[in-house]
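Reader: Hey, can you walk me through this one? I'd like to start with a loop residue and then hop around a bit.

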Amino acid sequence: MTTSHSDMANAIRALSMDAVQAANSGHPGMPMGMADVATVLFTKHLKYDPAWPEWPNRDRFILSAGHGSMLIYSLLHLTGYENPTMEQIRNFRQLHQPCAGHPEVEELPGVEMTTGPLGQGLATSVGFALAERLSQARMGDVIDHHTYVICGDGCLMEGISHEAISMAGHLKLGKLVVLWDDNEICIDGSTSATVSDDQLARFTASNWHVQAVDGHNPAEIDAALEAAKRDDRPSMIACKTTIGYGAPTKQGTNGVHGAPLGADEIAATREALGWPYPTFEIPADILDAWHTAGKRSQHLAEQWKLAFDGLDEDIKADFTRRQNKELPEALVDAVNAFKKENAENPVKVATRKASEMALGVINPIVTETIGGSADLTGSNNTKTKDQAPITGDDFSGRYMYYGVREFGMSAVMNGLALHGEYIPYGGTFMVFTDYCRSAIRLSALMQQRVIYVMTHDSIGLGEDGPTHQPVEHLMSLRAMPNLAVYRPADVVETAEAWLAALQDTTRPSILSLTRQGLTPVRTTHTDENMVAKGAYELLAADGDAKVTIVATGSEVELAVTARDTLQAEGIPTRVVSMPCTDVFDQQSKAYQDEILGNAPINVAIEAGIKFGWERYVGRDGIIIGMDSFGASAPAPDLYKHFGITSEAIVTAVKNRL
Ligand SMILES: Cc1ncc(C[n+]2csc(CCOP(=O)(O)OP(=O)(O)O)c2C)c(N)n1
Ligand SMILES: [Mg+2]
């Protein structure tokens with residue numbers, strides 16, 4: 001006897017409503033509404049092997065509507081992944097349990113990314129689909145998979161959906177398939193109150209293939225998925241569904257979006273669906289049918305392993321190295337040679353230029369970097385000579401012209417990193433980290449090595465004025481957990497920051513780089529990566545230190561000049577360069593004490609908000625920085641106007657003596 005489609009879909013519905021009820025919180029409506037679509041996808045189309053979740057050529061499935069997390073937990077359990085177990089599903093949303101409120105990538109194999117911030121799953125899926133194209137261009141058909149997304153009304157209302165749809169259409173990402181849960185319900189009620197876009201026309205306008213189906217009709221869903229796979233454009237399937245399908249009095253309303261159904265409604269739903277089984281119980285025949293579906297692609301995974309084994313040794317070794325996040329051995333020596341050359345022949349350049357110089361060494365060696373910029377390539381200095389552009393017709397290149405889509409770029413970079421073989425880096429102006437921020441936050445939360453090249457990092461950018469001058473950005477980014485913000489002071493420090501960022505495999509980095517030229521401060525070579533310590537003593541005091549000046553990036557040279565003046569006047573002064581507070585905070589207390597020292601007078605200087613520097617110089621410390629937005633004028637005038645000068649340091653110190 002074959003198990004019916006509806007029995008299989010009802011298993012998802014039952015687990016979802018029961019888990020939400022047990023947790024007394026969560027979102028039953030979406031999984032119940034999309035159960036039919038998900039059942040067709042996971043039993044007939046998605047290529048995956050629960051016994052080998054990391055299979056590199058698996059299809060990727062992204063639940064962009066992350067609030068419907070019980071959908072993916074149900075699917076993983078039913079198809080036979082080791083986790084979540086039924087016990088873990090019973091512990092939905094509990095501490096130290098893998099079935100978190102929203103899906104978290106490091107909790108469960110099979111969850112490809114952390115979702116919940118609406119729209120970002122959709123945008124990140126563009127990065128997954130792009131990574132597939134890049135890998136196929138490099139390795140041939142051994143990488144050949146689809147990327148499927150389930151998104152909701154909310155995902156499509158978010159602005160980032162436009163960036164994502166536009167990029168995917170432009171890049172002709174034909175193996176990206178989006179299933180839209182077209183249930184016409186959001187939290188506040190009917191979507192008719194907030195949106196009247198013709199979504200199909202919107203996707204069509206961006207060069208997508210579109211279809212509309214009854215999301216409760218398995219044959220229609222199946223046929224649409226077939227057609228989507230045949231078409232060489234990215235595909236969107238609008239699936240008309242009833243949110244909370246099966247709940248007699250609550251389905252089709254916002255009441256079922258994000259609250260437990262309640263015991264009575266659950267009993268009535270069991271009745272209505274013809275699901276007489278007890279809470280958290282799946283009859284053996286239905287579970288068997290799901291397990292069988294879960295084994296559908298196992299032979300493909302085995303064939304893939306043989307095909308992979310047959311590849312050239314070099315290609316295999318390189319692929320495995322990238323997947324393991326190991327860097328080519330030649331990198332460290334090459335960076336050290338570059339540092340030595342630049343310490344011995346120092347040049348005054350902007351750190352954005354220094355970054356380009358460093359990339360000139362890094363990119364030919366680390367061939368997994370995928371560079372890019374959000375339409376500021378010439379300003380961010382992100383492209384090196386050896387990088388050809390990636391286009392919809394040729395994915396062999398290594399440089400993405402992301403267009404003016406900062407948030408989209410950042411989400412795509414997350415997808416590139418999550419796919420497993422690439423180290424994405426991308427640039428825009430530092431002030432527009434605000435546009436990227438939610439994706440930066442997901443890079444950090446998901447522990448992904450994404451490198452943000454953020455140039456024009458202070459009032460030092462000059463005439464473009466306060467709209468373009470970051471002020472609070474550095475400190476606010478430093479406040480984000482698991483993000484390393486590097487603000488190097490010259491060419492050598494920039495190279496060290498790049499190396500540190502590349503070597504940090506479980507954390508994104510921001511490189512905060514100047515527009516204006518900087519006087520070199522590191523003119524004695526050492527192989528040691530000083531930036532990787534977070535902070536270090538750049539110049540010792542001549543005598544018993546009376547003053548410690550802590551500075552970052554473009555202000556380190558001001559600290560050096562101030563030290564010269566103070567020393568000349570008999571005031572022993574040390575300079576600490578602090579390119580990365582995040583890394584410094586992780587050093588031993590002994591190291592931190594040694595670097596911060598015990599001089600009676602402590603100064604911090606940075607062309608950014610003063611807020612936060614008390615942490616390093618104490619409440620009695622002198623903090624030279626900003627309290628307001630910037631202004632439009634030449635950079636030297638602005639530094640004077642805002643009092644961020646070496647003279648200001650000297651005067652403040654003398655006032656304390
Ligand atoms: C960026 C973002 N804004 C707001 C929310 C809070 N939120 C979660 S679900 C939701 C409504 C989503 O509506 P829809 O996508 O139609 O989901 P459905 O109610 O159909 O399940 C909102 C506003 C969020 N998770 N992310
Ligand atoms: Mg909805």
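**A loop glutamate, a metal and some rings**

Author: Glu-555 sits in the loop that runs between strand E17 (547-551) and helix H22 (556-568); helices (H or I, at least four residues) and strands (E, at least two) are DSSP runs, numbered from the N terminus. This is a predicted model, where local features need pLDDT of at least 70, side-chain atom pairs count only at pLDDT 80 or more, and totals for chains, interfaces and linings use all residues. Residues are numbered from 1 along each chain as written, chains are lettered from A and ligands numbered from 1 in written order, and side-chain values use heavy atoms, leaving out hydrogens and water.

Reader: Is Glu-555 buried or exposed?

Author: Buried, because its relative accessible area is 0% (buried is under 20%, exposed over 50%, partly exposed in between, with a 1.4 Å probe and protein chains only).

Reader: OK, switching to the metal. Which protein donors does the magnesium ion (ligand 2) have?

Author: Asp-153 (OD), Asn-183 (OD1) and Ile-185 (O), at 2.0 to 2.1 Å. Donors are N, O and S atoms within 2.8 Å of the metal (3.2 Å for Na, K and Ca), and water is not among the atoms, so sites may look incomplete.

Reader: And what spacing do those donors follow along the chain?

Author: D-x29-N-x1-I. Asn-183 and Ile-185 are both buried.

Reader: Rings next. Which residues do ring pairs link into a cluster?

Author: Trp-52, Trp-55, Trp-304, Phe-308 and Phe-319. Rings of Phe, Tyr and Trp (its six-membered ring) pair if their centres lie within 6.5 Å; planes under 30 degrees apart are stacked, over 60 edge-to-face, the rest tilted.
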